Structures are given as C-alpha cells and as structure tokens.
Amino acid sequence: MLHFKNTLLLSASVLGIWIASYYHPYDLARWPALHFVVPDDSTLAHLPVQDLVRWTDRIMARLDTPYVPTRYPYYRPRDRYTDYFTLGNPNPPLFFYDPSLFRSEISLLSDSSGNYYQVQEFLNGEPYRAPSLFDQDDFAELWLREQKLRNWRELAGIGNTENATSSGLFSIPKIPVENKFFDRVFGGDFVEFKPTGFVNLDFAVQRQKTANPTLPIRQQRNTNFLFDPHANVNLIGRVGEKLQIGGSFDTKASFEFENNFKLEYKGFEEDILQKIEFGNVNFPLPTSLIQGAQNLFGIATELRFGNLRVKSVFSNQRAQAQQVNLQGGAQRRTFEIAGGDYEDNRHFFLGQFFRDNYERWMRTLPQPSSGLQITRVEVYVTNRITNTTDLRNVLAYLDLGERQAFNPALTIDPSDNAPRNDANNLFAAVANISNADNASAELEALGLNLANGRDFTVLRAARKLNERDFTINPALGYISLLTPLRNDEVLAVAYEYTLNGRPYRVGELTDDYANRSPNEIIRLKMLRPNEVRLDLPTWDLMMKNVYSLGANQISQQNFLLRVVYKDDLTGIDNPTLQEGINTRDVPLLQLLRLDNLNPQNDPQRDGNFDYIEGFTIDSRNGRIYFPVLEPFGSHLQLQFDPVLETSLINKYVFSQLYESTKADALQAADKNKFFLVGSYEASASSDVVLPGINIAPGSVIVTAGNIPLIEGDQYTVDYATGRVTITDQSILNSGKDIKIDFQQADIFNFITRRFWAIVLSMKSVPILCRATMVSLRERPVITRVNVGDEPLSNTMLGADVSFQSRSRLLTRLTDFLPFIQTKAESNLNFYAEYAQLFPGASPLSGQISMIDDFEGTRTAFNFNRAPQANWHLGATPPAFPRGQLPRVGFCLSPRQTGLVQCGQYFLSGWRPRPTAKRRCGKPLCALGIASGGFSQPRTPANPDQ
C-alpha cells in the first residue's frame, strides 16, 4: 500500500512539474500559487488514499492559476565562479569593461623566478573570486588578444554611442605615407577615408504553380531567382591637408543629380595653384549683369599671381535658370492650359440629380437657384496608405438614391424627384445583407439582376476621409478630393442635405451604424467603381469642366482669363471663332457662359471673366469651374446649326474628350485646339514657393527694383523645400517689383549644355578691377529643332570696377551743415559694371528653325511583310478601254501604277456574284493605292492579273 502511495505521489509531482515547466521551463518560482510539498516516509505511511488524491487535485487546480510575471528581469549573465582555468573553458571572460564595479589587478608574483603573473578580480573593492596565475608567455598571448578585441570595438564604435554616430559603424584609421615628395605635393603624409552607408543584397526564390490544363506541363511550374542589390554609400576622404574627396552614390536614386562626386585640391597661401575642383562644382559670380552657375559637373581652377587672380571653369551645366516676378509684393505668373487638360479623378457629383440640374442652377449666377444645402458628407475610398483607423467594410451601390436607376429591374418611387434612400427599392432590398464575405452571392440571388463591378462593389477595410481631405460645394452638390484617385480605387459616399427646406439622406451615416459590429458592412452610394467604365453612369458623375491653374491663393485683382482657339491655318490665337452663324465674332468666353456679369455682378457682359468665388473659381486651390458640363463638347455643338453647319461641328467640337478617357482623347490632337490663357497674382506674402525640385544651393538671387538683396539679412532660402522668405517687411511695403532668379536641376538632360568661363581680377587697395568672359553652348539631340526650342550658343563679355575708401572730407563737409555735428566715419564707395551679349545658335542645328517637319504625315508600308505581302503590281486589264472607267482611272494610265490585293476566293477558283460580273465584265481584285509611276508606257507582264 505504501509503495502504491509513493508511486502515485511521485507521478503526480512529476506531472505537475512537467506541466509547470511547459509553461515556463526556466523559472518555476514565477508561479507563486504553485508549491510542492513532498512528505516524508512517516507521513506517507499514515496518509490515506483519499487525502493523497485530494492533495493531487489541489496541485492540479493550482496549475490553472493565471500567470503572474515578476518585477525582476529574467536575465542570467554568463560568468565563471572560479579562477580562469578551473571550468576548462578555452575563452572565458577575464577582463570586464562594464559595469565599472568590476576591476582587475595584475601583479607580478613574488617568487624567485619572476615568470608568473597574478590576476586578482575585485567587485566594488572586495575580492570577487580566487586569483588566477599565468606564466609570462600565456599572459602575453592573452593580453594581446584582449587588446586587439578592445581596439576593434573602439574602431567599430561599439559601446560608445557618440563615436558610433559621429564616425559611423566603420572607420579606417589614417594611413601614413613616409615620402617627402608626397608630403610636399599634398601637404601631409597621411591618407584618410571615412565611408558611411550600407549595402543590401536581397536574394529570393519565387516558385509559382498554375493548375491550368490549357498550358503545357513545363509552363505550369515556374521558378525564378530574384536578386535585388541596393548600395547607398557616402565617402569622405583626405590626402594630406590639400586634397579632399567627397561623394555619394545610391543605386536606387530617381535622378542622376542625386549622386554627387567632388575632388578638391586647395593650395597654401604662397602657392600659385590655389584651388582645383573636379566633379560637382559651382561657379558663382559677384557681378549683377553676368550671373554664374551652380549645378555644374566639370573642372574649376583658381590661380594666383601676386595681386592677379585667375578663375576658370569648364563643365556641363545640369540646371536651368528660371525667374519668378513679384509685382507689388504679389507673385504674378502667366498660364496656358489646354482644353483637354481638365482635372480628372478628383471632382465628382454626389448623384445624377445634381449633374442634371447643374447648368440650370448656374444660369442664375452670382447666386445659383438650387435651393440646395448639403449638410453632411462622409467619404470612403480604397485604403492605399495602410491606415488602421476609421476603417469599415463598405458595400457601394450604383443606383442607391437614384430615381432614374440604371438597373431596369428596380422599382422607382415617382412621388419625389429628389435623391433619397427610398427613391427605389434597392435600399430596402439589401437591408439584411451584413456579411462582406457572402455579400456578392446574396445580392446576385435577390433576383434584381445585380452584377458585381457594375451595380455594386464590395470594399473591405475602406478608409474614411477626414474633412481636410476633401471639400464640398453645398449649393451645387459635388465634392473635390485633395488627392486624385487612381484608376483602380473605389469612391463611395453617404450624404445628408436639404432641398427647399425638406431633409433627405442617401446612404448610411455614422449615426446609422455606430452600434454595429466593425465587421458589418455599411451601405453607401458608389461614385467611382474599381475600374474606369465608360458604359456606366459613374463616368458622367466625374466632372470634366474643372481646370487647375497650378497655384494657390489667387487674388481677384489683376486676374485675367481668356479662352482662345489656336488656328493652325493662320497661326493666330483667336479669342473668337471666325465662322458660324451664331458663333462668328462672338468671344469664346461668352459662348462658354464665362462672361455674363460685370464687375458689380450685374447681368451685363463686359468682356472679362466672371470672378465668382466658389462657383466659377476656387481662389484658395487655384481652380476654374465652367458653368456648363461639357464646354468643348455638347455645349459647343449646340451653338452650331445641326443641318447647315455639320462641317463646323466636325472641325471644332471636341466630343472625344467627354466620351472616352482623357489619355485616349488627347490622341486627337486636331481637336485639342482650345486653350485657357491669362495671368494671375498670388496674394502678397513674405513666403514664395519656387516651382520645381532640387533648387541649386546658392543659386537664388533676389533683387528689388534692380537692387540686389542680401541673403540672410533681407531674405532667407530653404533649398530643401524651395521656399524664399522676405524678412525685410519694408521691401514688401515699398511696392517695388521683386525678381527671384534661381536654378533648378534639369531632371532629364535632353540637351547637353557646355558652360565655361574665365574671370581675371586685379586687386590693389582700394581699387578692384575684374574682366569676365562666359560662354554657354547647347548641343541638340536632333538637328531638326522647332521654333522656340533653338539650341543657343551665347557669349558674354563684361568688366567691372569698384572703389572703396574712407573719407574724412565727407565728414568735414557734413559738419558744415547747420545743426549737424558728427564724428562718425565716412566711406566712399563707387561701383561700375559693363556687359555685352553676343547671341548665336548652335552650328549643329544649321541655324534653322522648323515650323513643322511633317514627320508624322507619311505612313510607310513594307510590301515584303504581312499583311502587305499579298499586294501585287496592278495593270489595266485588256477588256477595259483606256479612259472609259473613271472610277479606276488611276490604273488605266501607263504613267501611274496601282496596287491590288486579290482575295482568297479569287485564287481558289470561286467566282463572284452575277452583279459583280455585270459591273466589271470579269473578276477584279480590290484596288489599292495609287502613286507616281513610269515616265514611259509599259506593257504589263501579265495582262490578266
């Protein structure tokens, strides 16, 4: 009995220990509710079986106690508890570097030989463990190994955060060069390099199996090896004190100018060769008439011969000079926007009702007669930014709230024309669908002929836009997104509005689904499906009458807008159409309903654009809104007589712009002849954002009234963002014209620009004389250049002289003025500058500009390839007298040739219908193209062909 009890108790103990070690195999003490009490033999002898079972059940019950972590870190450092050799570890730790409480004392053992060293280790000043004894050879080897490890740790920056961040993970020490000639040339006897960056090598194997029986067995299984290298390295080096090397290289850089390299040699004060730079160099000039360049790649030198300094540069210019003008403190710029360049995928009507009434409401401007007020809109789009907040499963319906539904199977409520949830029976029919996984199958089974992608779209984890991500026009019923949609993104909305004082709602807003589970779907109105479909009403919901000016904060003052037609026949920008019964000599601005009011918003045309904030223009975002839906399409077509002016309709109306995608419509270049041209002023501000990217550092020059301003004192430049801030407010208040000249990187470098210059300066206090010569030559890609794109070859010559001296005479003359007595020092400054430009054109272009090279007006056919391989040289059949068949007359003259193509039915013996025989007399082949032919009559080799 006792043996049975002991066996049961040990089995229960082992089982409990195994279960506890399963949850935490290292520290059973972290389970405070679990205690094991092993009774002795005397207790076991008197312990009943019931108590033993109860005791075992208590242990098992305590195993269910939840895990309670301790407040102490579970970390056991590796350490030895004896001397260095006892455990037999070949490399146990001997020297401690951290924490500082550990300390090692090395002493020579006081014996007669003196060949043994004793290492005593202390913890907080007390002996930590038994000392270790080493002979001289073992200690020297151990000490050398420890010093090497310490040295490598210091070079790598391990354990020293400041060193790691300042010198990088890898630092190469200085390399000494013991050579006198090397020291004399480079001003030092060392070479130093400091590389930083990283190199990534990504390897992967992609295995793909496609169970498609139509494919061969070998094509159903594909294995690809993927290799993606990425190197981003920065190098800073020095050779002595004179030569410096710097560069950055990134294999995944988007543009070439992002990779830089520069080698700079600086001489001492007594050297003739003061500086040589190779790589990315700058060449600024202190003159105002001749400006230097910043973003260059080439070689620049500076020599000194006593008081004479010679600076020169020969390089390729990688930047373009541009200028921004501020008139009266406001930025004034011109614009030219093609009629086909509307803002797509950004502006959408909330429903067909708002689109159908848009033109009628806009006829009563300056106040639209809509009686509409949008009070709330919630917008959901496809989540592309991995956002984890405000996500919902969305089921967007095409005909939700539409009285004129696209699906004929829906039942329409004719009681009210306003869009609402009960305008048709769709909202009620789908009320019980709440699971996104089964939504498609349930909708298709309703019997309403609903198709996925056409009538509805299931969007999982859709992102809800914030109020700052879109704007609403509450009186016209459309929204404008801050970021345009992609072609595969879904746009769905729910909105609430009042029409003539009566409230309506379309879709489900937050208060409708606030108490639902986050996994349940919400019902919304679909404005854009997940693909661009021209056959759906959603294509008409996207507004195609909005154009962006490319600027913000537009000012109404001095705003000018014209709509012109660029006539290819005359080459003139016509603000009116020169033909048409109702369109002749009528301004296009008036035809497109952009000129119906005077400056006081009275119904009287004045020839200027009707600047109505919120309806025809959005000055904050710089957008123009036409009061018609299709200004260059159906609206323009209504201005012509449909019977008498069909030729004018075919000539001017750009219907492809609204019936096809924007990219396809722009292929019709003969119709894209309408342009929005004009100028505007941005509101006066001390901050000016320069257009473009990668503004060259040091290239920004600001002048106010042709007087250069001082950077850092009167203006500051943030070259990273391209923002110029005028810090001197008096300059803005003065009303002077401010010019900002800058250079930005040429991203694509289509034209090679050679820039070279030389500057001679002679300084003899107090006079400084300079002579400057600058040349810029462009090399075109092709020799045929269009008007306005001529490659230049310009040379500028200039000279300037400056005089600066102190003058006591001016101080004495000032003292002669009544009531003025001064002791301040007077300075006399004089500066004069002269420059002349010698313009020219690149010799490679032949100094000829092409108005039109007619490159795309000819189509070549290769008669040796399909489908032209079956074409044959045609001749007049002998059964046809010459000149009696005008329809095929081009084949009857021996001076002309024709090409015919015979159908397969002729070659196979098939004969045409009797009607064809009556027309021709015998089977004829299809006539092809006619071209100039022979100068003398020729008899065809095969007259029956």
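Predicted model: local features only at pLDDT ≥ 70, side-chain atom pairs only at ≥ 80, totals over all residues.
Local features need pLDDT of at least 70 and side-chain atom pairs count only at pLDDT 80 or more, while totals for chains, interfaces and linings use all residues. Residues are numbered from 1 along each chain as its sequence is written, and side-chain values use heavy atoms, with hydrogens and water left out.

Q: How many residues of strand β35 are buried?
A: Strands here are DSSP runs of E with at least two residues, and helices are runs of H or I with at least four, numbered from the N terminus. Buried means under 20% relative accessible area, exposed over 50%, and partly exposed in between, with a 1.4 Å probe and protein chains only. β35 spans residues 738-745 and is mostly covered, the buried count being seven of eight.

Q: Which residue of β35 is the bridge partner of A321?
A: Strands count as paired if DSSP finds at least two bridges between them. β13 (residues 319-327) runs antiparallel to β35 over eight bridges. For A321, the partner in β35 is Q743.

Q: And which residue in β35 is the bridge partner of T703?
A: Strand β31 covers residues 701-704 and joins β35 through four bridges, in the antiparallel sense. T703's partner in β35 is K739.

Q: Which residues touch the most other members of the largest nonpolar core?
A: A nonpolar core is a set of buried Ala, Val, Leu, Ile, Met, Phe, Trp, Tyr and Cys residues joined through side-chain atoms within 4.5 Å. Contact likewise means heavy atoms within 4.5 Å, and F632 touches residues including Y547, L592 and F674, leaving aside those up to four places away in sequence. In this core of 95 residues, the pair with the most such neighbours is F559 and F632.

Q: Is L638 buried or exposed?
A: L638 sits in the loop between α15 (634-637) and α16 (646-652). Its relative accessibility is 70%, so L638 counts as exposed.

Q: What is omega for the cis peptide bond joining L365 and P366?
A: Most peptide bonds are trans, and most residues other than glycine have a negative phi. P366 lies in the loop between α9 (358-362) and β16 (372-381). The bond from L365 to P366 is cis, with omega about 20°.

Q: What is phi of R593 near?
A: R593 is in the loop between α14 (588-591) and β27 (617-618). At 25% relative accessibility, R593 counts as partly exposed. Phi is positive in this residue, which isn't glycine: near 65°.
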